[in-house]
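Have the sequence and the 3D view side by side for this one.

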Amino acid sequence: MASRGQTRGRGDLEQQVYAALAAGGGPMTTADVRDALGSELAYTTVMTVLARMQTKGLATRIRAGRSYAYSAVVDAAEVTAHQIHRLLDARGDRAAVLTRFARGLSPEESQLLLDLLGPDAEPEQT
């Protein structure tokens, strides 16, 4: 962990926060994460990192009183799916992006999508 006067690399703090969340074994408040890191980080710094991780799909959050409690998302497929949704949301023409994405799929991947989106497919509960 970087101490005062040392510079963190890009993403180092996020990795440390993610590791603390993953090791926590359950939802953690900002104060819990800050305590787990055992550092002199400002509460608002940890809160900002947690909020950004939630936006990126790396963490989920639930209401805990006036604040939130965060959990690490440990399923890589779920993180990737969230990132794809975020990229689609950032673009104006979702159909164009999806069309180009679909053109790059292998026949097996295309069939998997057809199976997932077919008439018997159940919408996933989120």
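Is K56 buried, partly exposed or exposed? With a relative accessible area of 30%, K56 counts as partly exposed; buried means under 20% relative accessible area, exposed means over 50%, and partly exposed is in between, using a 1.4 Å probe and protein chains only.

Before going on, a word on where this comes from: the model is predicted, local features need pLDDT of at least 70, side-chain atom pairs count only at pLDDT 80 or more, and totals for chains, interfaces and linings use all residues. Residues are numbered from 1 along each chain as its sequence is written, and side-chain values use heavy atoms, with hydrogens and water left out.

Back to K56, which sits in helix α3, residues 43–56. Helices (H or I, at least four residues) and strands (E, at least two) are DSSP runs, numbered from the N terminus. Leaving aside neighbours within four places in sequence, K56 is in contact with E14, H82, Q83 and R86, where contact means heavy atoms within 4.5 Å. Take Q83 from that list: K56 and Q83 are 27 residues apart in sequence, but their C-alpha atoms are 6.4 Å apart in space.

Now zoom out. The protein has six helices and three strands, and reading along the sequence gives the pattern α-β-α-α-β-β-α-α-α. Of its 126 residues, 21% are buried. The protein exposes about 9200 Å², with carbon and sulfur atoms supplying 53% of that; accessible areas come from the Shrake-Rupley method with a 1.4 Å probe, and for residues only the protein chains shown count as cover. As for contacts with a separation of 6 or more, 44% of them are between residues 24 or more positions apart.

Next, the strands. They make an open sheet of three in the order β1-β3-β2, with antiparallel pairing; two strands pair if DSSP finds at least two bridges between them. β1 (28–29) and β2 (59–64) stand at the edges with a single partner strand each, so one side of each has no neighbour in the sheet. Strands of a sheet pair through backbone hydrogen bonds, either parallel or antiparallel. Here β1 pairs with β3 (residues 67–72) over two bridges, and M28 stands opposite Y70 in β3. β2 pairs with β3 over six bridges, and A59 stands opposite A72 in β3. β2 and β3 also form a hairpin with two residues between them, and G65 in the turn has a positive phi of about 70°.

What packs on this sheet? Helix α1 (residues 12–24) does, touching β1, β2 and β3, and its direction makes about 85° with that of β3. Have a look at L21, which belongs to α1. L21 has a relative accessible area of 2%, so it is buried. Its contacts, leaving aside neighbours within four places in sequence, are M28, V33, L50, M53, A59, Y70, S71 and A72.

The axes of α1 and α2 come within 9 Å and cross at roughly 105°; axes are lines fitted to C-alpha atoms, for helices over the stretch in contact, and angles run from 0 to 180 degrees between N-to-C directions. That makes α1 roughly perpendicular to α2, a label for angles of 65 to 115 degrees. Q16, V17, A20 and L21 of α1 meet V33, A36 and L37 of α2. By class, that contact has six nonpolar, one polar and no charged residues. Here Ala, Val, Leu, Ile, Met, Phe, Trp, Tyr, Cys and Pro count as nonpolar, Asp, Glu, Lys and Arg as charged, and the others, Gly among them, as polar.

Helix α2 (residues 30–37) also meets α3: their axes come within 9 Å and cross at roughly 110°, and the two are therefore roughly perpendicular as well. T30, A31, V33, R34 and L37 of α2 make the contact with Y43, V46, M47 and L50 of α3. These residues divide into seven nonpolar, one polar and one charged.

Finish on T30, in α2. T30 counts as buried because its relative accessibility is 1%. Leaving aside neighbours within four places in sequence, T30 is in contact with Y43, V46, M47, L50, Y68 and Y70.

How values were computed: Angles under 35 degrees count as roughly parallel, over 145 as roughly antiparallel, 65 to 115 as roughly perpendicular and the rest as oblique.
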